[in-house]
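Here are my notes from a look through the model you sent.

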Amino acid sequence: MHFASTVVRPPYEANSVFLQITSGCSHNACRFCTYYKDAPFGVSPLDEVKEDLQELKDCGVSFSRIWLQGADPFLLTYDKLKTVAELIHEYLPFVESIGGYGRVDSVKNKSVEQIKELRQMGYDRLVFGIESGDDAVLKRMNKGYEAKDIIEQLGKLTQAGMDYAVIFLSGLGGHGYDLSHAEKTAEVINQLTPFRVMAAGLTLFPDTPLMEDVKNGSFVEATEAERIKELQAFLSRLVIETTIDATNASIITPIFGHLPKDKQKMMDTLTAIFQRYGEEGLRARREGLWAI
């Protein structure tokens with residue numbers, strides 16, 4: 001199998017089979033991210049894709065879902081994604097669905113009708129790391145799009161009947177930032193129909209522009225209390241029916257539930273965790289000194 005970098009996928013895609021059709025990230029300029037620094041963006045040659053599909057076929061194991069590798073394989077044109085789907089179904093006729101990560105701007109080159117056709121080919125449950133719906137935060141972190149783009153582009157998936165998930169990155173405003181990062185992101189998501197809203201926590205990595213901001217004092221990491229208040233504000237503003245999945249390893253106050261019925265329970269859980277462990281205890285957990 002051809003893999004240019006480490007496999008990256010949501011936790012719940014662990015049972016999917018992985019197929020690389022792109023490598024790296026077409027944007028690769030978010031100030032906080034290190035995921036794809038080891039692999040420049042590229043599109044896999046069809047010969048490599050065919051070789052990998054043949055290898056999967058030869059393994060003699062059936063599986064229902066393929067997760068495409070790369071930060072935004074959905075950036076490929078409709079025609080190229082159609083070709084990939086046709087090859088998958090030719091080599092592996094038992095595959096029922098095809099997923100992968102996507103950037104918001106990777107939807108721009110497709111019409112609603114083309115997305116409907118891709119859905120019929122098996123593409124479904126894509127994951128978009130929108131991170132924020134606050135334009136000031138999006139600009140500061142160099143995401144490459146604005147809140148209106150999130151609504152417009154992911155709205156096309158809603159119109160096409162394609163399921164998708166989004167990721168909210170808590171703590172992205174930093175210490176002292178108000179709750180608008182959480183509140184504006186919820187307002188954006190309320191205009192969409194994600195089947196799952198995943199929350200991750202900002203993690204500061206060496207060799208990133210954001211870490212340089214930390215070193216020069218222009219960005220200060222949010223406290224644990226601020227992160228909890230932010231998650232609670234985010235939950236409180238969400239009014240759609242969806243699944244909340246804040247179980248990523250970067251979240252040290254994990255919650256999981258369904259909106260709207262589990263909203264108060266999740267908010268109460270966050271309060272109880274902070275009351276029990278406090279700022280110092282949660283900070284120690286984040287630094288890996290002990291486990292809750």
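1. Glu131 and Lys143 are both buried, meaning under 20% relative accessible area, where over 50% is exposed and in between is partly exposed (1.4 Å probe, protein chains only). The two form a salt bridge, with the closest N and O atoms 3.3 Å apart; the term needs a side-chain nitrogen of Lys or Arg within 4 Å of a carboxyl oxygen of Asp or Glu. Glu131 sits in strand β6 and Lys143 in the loop between α4 and α5, so the pair ties together parts that are 12 residues apart in sequence. Helices (H or I, at least four residues) and strands (E, at least two) are DSSP runs, numbered from the N terminus.

2. Before going on: this is a predicted model, where local features need pLDDT of at least 70 and side-chain atom pairs count only at pLDDT 80 or more, while totals for chains, interfaces and linings use all residues. Residues are numbered from 1 along each chain as its sequence is written, and side-chain values use heavy atoms, with hydrogens and water left out.

3. The whole structure has 17 salt bridges. Another one joins Lys215 to Glu212, with the closest N and O atoms 3.8 Å apart. These residues are 3 apart in helix α7 (residues 209–216), so about one helical turn separates them. Lys215 counts as exposed because its relative accessibility is 62%, and Glu212 as partly exposed at 41%.

4. Lys261 and Asp262 also pair up, their closest N and O atoms being 3.3 Å apart. Here Lys261 is exposed at 65% relative accessibility, whereas Asp262 is buried at 14%. There is a network too, linking Glu221, Glu224, Arg227, Arg283 and Arg286 through salt bridges.

5. How many residues of helix α6 (residues 180–189) are buried? The count is 7 of the 10, so the helix is largely enclosed by the rest of the structure. Among them are His181, Thr185 and Ile189. The buried residues of α6 pack against β6, α4, α5, β7, β8 and α8.

6. On to the nonpolar core, a set of buried Ala, Val, Leu, Ile, Met, Phe, Trp, Tyr and Cys residues joined through side-chain atoms within 4.5 Å. The largest has 67 residues, and those with the most contacts inside it are Ile88, Tyr123, Ile130, Ile150 and Leu154. Helix α2 (residues 78–91) gives the most to this core, with 7 residues. Apart from it lies another core of 23 residues, including Phe32 and Trp67.

How values were computed:
Contact = heavy atoms within 4.5 Å.
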